[in-house]
Amino acid sequence: TYVSVNQGAAGTTAIAAASVGNKHKIVGMMLVLSLAGTLKFTDGVGDLTGPMDLAANGGFVVPTSAYPMSETAATNRALNLVTTVGAARGIVVVLTEP
């Protein structure tokens with residue numbers, strides 16, 4: 001699933017809602033932050049990544065891969081993008097499966 005990200009302001013954005021019996025796996029992304037700040041991924045219970053510092057209008061690309069960059073720690077958990085200061089824009093590629 002290709003999930004478009006277009007935050008109006010920094011905060012928490014649901015990338016994928018909890019899915020019974022499934023985990024969400026991040027298999028690619030392209031993200032830019034509007035102002036200098038941080039972004040990280042969570043599963044609603046804990047952090048999946050540490051906060052990643054980005055400069056204003058700075059970003060990064062993780063090419064799609066058969067191996068996930070990260071995944072929710074258990075089934076039935078949402079995948080969230082959490083930003084501070086800057087708003088995130090771009091796309092996250094998610095694979096949802098058991």
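1. Two strands count as paired here if DSSP finds at least two bridges between them. With that rule, the sheet can be read. The model is predicted. It holds an open sheet of 4 strands in the order β2-β8-β4-β5. The pairing in this sheet is antiparallel.

2. The edge strands are β2, residues 12-16, and β5, residues 52-54. Each of these two pairs on one side only. From one strand to the next, the twist averages 25°.

3. Now the chain as a whole. It has 9 strands and 0 helices. Read along the sequence, the pattern is β-β-β-β-β-β-β-β-β.

4. Strand β4 deserves a close look. It spans residues 37-42. In the strand order, β4 stands between β8 and β5. It is mostly covered, with 5 of its 6 residues buried. Buried here means under 20% relative accessible area.

5. Which strand does β4 meet over 3 bridges? That strand is β5, and the two pair in the antiparallel sense. T38 has D53 of β5 as its bridge partner. L39 stands opposite M52, also in β5.

6. On β4's other pairing, the partner is β8. The two strands run antiparallel and are joined by 5 bridges. Strand β8 itself covers residues 79-84.

7. Strand β1 shows two faces. In a regular strand the side chains alternate between the two faces of the sheet. In β1, residues 2-6, the covered face carries V3 and V5. The uncovered face carries Y2, S4 and N6.

8. What is the partner strand of β1 across 5 bridges? It is β9, residues 88-97, and the two run antiparallel. N6, on the uncovered face of β1, has R89 in β9 as its bridge partner.

9. Two loop residues call for a check of the backbone. Most residues other than glycine have a negative phi.

10. V85 sits in the loop between β8 and β9. Is V85 buried or exposed? With a relative accessible area of 58%, V85 is exposed, because the cut-off for that class is over 50%.

11. Overall dimensions come next. A compact globule with 98 residues would have a radius of gyration near 13 Å. The chain has 13 Å, so the value agrees with that expectation. Along the principal axes, the C-alpha atoms fill a box of roughly 40 × 25 × 20 Å.

12. Of the 98 residues in the chain, 40% are buried. The accessible surface comes to about 4900 Å². Carbon and sulfur atoms account for 58% of that surface.

13. Last, the contacts. How many of the contacts between residues at least 6 apart in sequence join residues at least 24 apart? The share is 78%. The pairing of β1 with β9 can be followed in the structure with N6 and R89.

Conventions:
Residues are numbered from 1 along each chain as its sequence is written. This is a predicted model: local features need pLDDT of at least 70, side-chain atom pairs count only at pLDDT 80 or more; totals for chains, interfaces and linings use all residues. Side-chain values use heavy atoms; hydrogens and water are left out. Axes are lines fitted to C-alpha atoms, for helices over the stretch in contact, and angles run from 0 to 180 degrees between N-to-C directions. Buried means under 20% relative accessible area, exposed over 50%, partly exposed in between (1.4 Å probe, protein chains only). The radius of gyration is taken over C-alpha atoms; the globule rule is 2.2 Å times the number of residues to the power 0.38. Contact means heavy atoms within 4.5 Å. Accessible areas come from the Shrake-Rupley method with a 1.4 Å probe; for residues, only the protein chains shown count as cover.
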